[in-house]
Each structure stands twice: as structure tokens, then as C-alpha cells.
Amino acid sequence: MDSDALASEYIEGPADLTLVDAVHDALEDLWRRVPEVSDEDRMLFALAVSEVATNVVEHAEGPKHATVTVRLEVDAAMLTAVMTDDADPALIRLDRVAMPGEDAESGRGLALALAALDDLEHDPGDGNVWRLRRRRRDA
Amino acid sequence: MNITVHTVNGAAVVAVAGRLTATGAPRLRQAVEDAVAAGTPRIVIDMSDTEFIDSSGLGALIGGLKSTRLADGDLRIAAVPEAVRRVLKLTNLDRVLREYPSAEAAFDGQ
């Protein structure tokens with residue numbers, strides 16, 4: 001944990017949809033420990049984390065049985081998440097992500113994550129690393 | 001997430017409690033399909049106890065909207081909390097998913 005972190009959570013597990021529930025539960029633990037985080041910051045950060053976690057699981061599911069790690073952190077100014085997996089690198093161009101039309105049943109996830117965050121990075125390499133940052137508007 | 005279904009004035013009221021994410025979205029799709037198959041294509045999603053929604057949940061709502069309209073019905077959302085309304089606005093889906101104050105009011109004027 002960084003010296004200035006107010007609270008953090010760490011999750012590690014197989015790349016399946018139970019991860020999505022696990023990150024939400026971990027976020028609720030974080031908010032209990034740092035209750036001054038505003039409802040809006042909680043909601044939008046949880047939205048971004050939920051979207052990226054779902055994306056990670058959907059890309060990583062398969063015979064390789066990938067493992068995902070998630071680190072969530074709150075400090076005085078910032079909400080941060082780092083997700084890693086050891087699946088194949090995902091072919092995603094964040095600069096080409098756009099909100100799909102009203103009829104679409106999928107494809108909104110990363111557009112929502114970008115809208116809810118100040119900074120989203122995807123680093124493909126030996127697996128994938130995602131870095132999510134939202135500046136606290138209540139800080 | 002927990003789903004319960006009951007009928008009010010000929011419409012199926014599907015109440016979604018908890019977080020509507022990729023974990024629960026398939027169950028919502030199934031509940032809507034079951035209601036349509038049972039001859040109740042007018043469906044209200046009661047969101048009074050919905051704590052959170054993300055794009056997977058939105059996808060299930062849009063899928064339900066399409067399948068109910070194909071069956072000459074409709075899917076409407078009721079008792080929408082602020083956390084859900086915010087996501088509908090971010091995705092412009094507030095234009096296609098009409099919001100009603102309560103499940104009972106959703107099909108009042110048909």
C-alpha cells in the first residue's frame with residue numbers, strides 16, 4: 001500500500017464472472033472504511049471498475065484458465081484500480097471506443113468506463129494490465 | 001441480485017433487487033423471455049431495490065425492450081433510483097427507456 005493510501009483492497013482469482021461480484025463487494029468494504037467518499041464518486045468509480053472487470057473476464061475466459069488480480073485504492077485525492085490478467089493480450093484501441101446506438105445490446109462498457117474515469121490505460125504485454133483513475137470530486 | 005415476478009393489471013412486474021451486472025443480466029433476460037412466452041409481453045422492470053446497473057444490465061433491458069415490442073408489448077422501467085438514471089443518461093438510453101414513478105403507473109394509460 002502507498003504511504004498516503006487511506007484504504008486498499010486486493011483480490012485474486014480465476015477469470016470468471018464471480019470476479020465482478022467480488023470487486024463490488026471489495027468496493028463496498030472500501031467505502032465502509034473511507035465513508036467520506038461521495039455517492040457520485042462511489043457510483044461512477046464502481047461503474048468503471050465493473051465494466052473493466054467484465055471486459056477482462058470476457059476476454060480471458062477459455063481453456064487457459066487465466067488468473068486476474070485487482071487492486072483498489074482510495075487516497076485523499078484519487079480512486080485507483082489496477083487489474084492484471086495472464087490471458088492473451090486483448091486487442092483494444094481505447095482511442096476508438098465510442099458509445100454505440102440506442103438499439104445495441106452490448107458495446108457500451110468501455111465507453112462508460114471512459115466517461116466515469118479521468119484516466120484509463122490498457123497495457124497489453126505478457127497478459128493485460130488495466131489502470132483506472134478517478135479524481136475525487138469531493139476532495 | 002434477486003428477481004421476483006408478479007402480475008399487475010395484465011402486465012408482468014419484474015422486480016430487480018441488488019446489483020444488475022453481467023452476473024445477473026442473463027437471469028433478467030430469461031425472466032423477460034419467460035413472461036413474453038407466457039403471453040405477457042407488457043413488462044415493467046421495478047427498479048425500486050436496484051442498487052446498481054452497468055452496461056451488461058442495460059443490454060438486458062434493451063434486449064427485453066426489443067423482444068416485448070416484437071410481441072406487440074412493451075418494456076417500461078419504474079421507480080428508477082438516481083444511480084440507475086445517471087447511467088441511462090450517460091448512454092442516452094433515457095430516450096428509449098421511459099421511466100414511470102411506480103410499477104402500478106407504468107401501464108395505467110396503456
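1. What volume does the largest cavity have? In this predicted model, the largest cavity has a volume of about 40 Å³, and the structure holds two cavities of 30 Å³ or more.

2. The lining of the largest cavity is made up of Val8(B), Asn9(B), Ala11(B), Val13(B), Val44(B), Ala103(B), Glu104(B), Phe107(B) and Asp108(B). Sorted by class, that lining of the largest cavity contains six nonpolar residues, one polar residue and two charged residues.

3. The second largest cavity, with about 30 Å³ of space, is lined by Asn55(A), Val56(A), His59(A), Ala60(A), Asp85(A), Ala87(A), Ala90(A), Asn128(A) and Trp130(A). Here the classes are five nonpolar, three polar and one charged. Helix H2 (39-60) and strand E5 (127-135) of chain A each supply at least two residues of the lining of this second largest cavity, and H2(A) gives the most to it, with four residues.

4. For chain A there is also a record to consider: an unreviewed UniProt entry carries the annotation "domain: Histidine kinase/HSP90-like ATPase", which covers residues 14-132 of chain A. In the model, the end C-alpha atoms of residues 14-132 of chain A lie 20 Å apart, and the span is 39% helix and 26% strand.

5. Over all chains, the structure holds one aromatic pair. The rings of Trp31(A) and Phe45(A) have their centres 6.5 Å apart and their planes at 70°, so the pair counts as edge-to-face. The pair links distant parts of the chain, since Trp31(A) belongs to helix H1 (residues 18-33) of chain A and Phe45(A) to helix H2 of chain A, 14 residues apart.

6. A reader turning to chain B may wish to look at Thr21(B), which is found in the loop between strand E2 (11-20) and helix H1 (25-37) of chain B. Is Thr21(B) buried or exposed? The relative accessible area of Thr21(B) is 1%, so this residue is buried, given that the cut-off for buried is under 20%. Leaving aside its neighbours within four places in sequence, Thr21(B) is in contact with Val20(A), Asp21(A), His24(A) and Ser50(A) from chain A, and with Phe52(B), Asp54(B) and Ser56(B) from chain B.

Definitions and conventions
Residues numbered from 1 in each chain as written. Chains lettered and ligands numbered in written order. Predicted model: local features only at pLDDT ≥ 70, side-chain atom pairs only at ≥ 80, totals over all residues. Heavy atoms only, no water. 1 Å grid on protein atoms, 1.4 Å probe; cavity = no way out; pocket = protein on both sides within 12 Å on 5 of 7 lines; lining within 4 Å. Points joined across faces, edges and corners; volume = space filled by probe spheres on them. Nonpolar A, V, L, I, M, F, W, Y, C, P; charged D, E, K, R; others polar. UniProt positions renumbered as here; feature names shortened; annotations may be inferred. Buried < 20%, exposed > 50% of the residue type's maximum accessible area, 1.4 Å probe, protein only. Contact = heavy atoms within 4.5 Å. Phe/Tyr/Trp six-rings, centres within 6.5 Å; stacked < 30°, edge-to-face > 60°.
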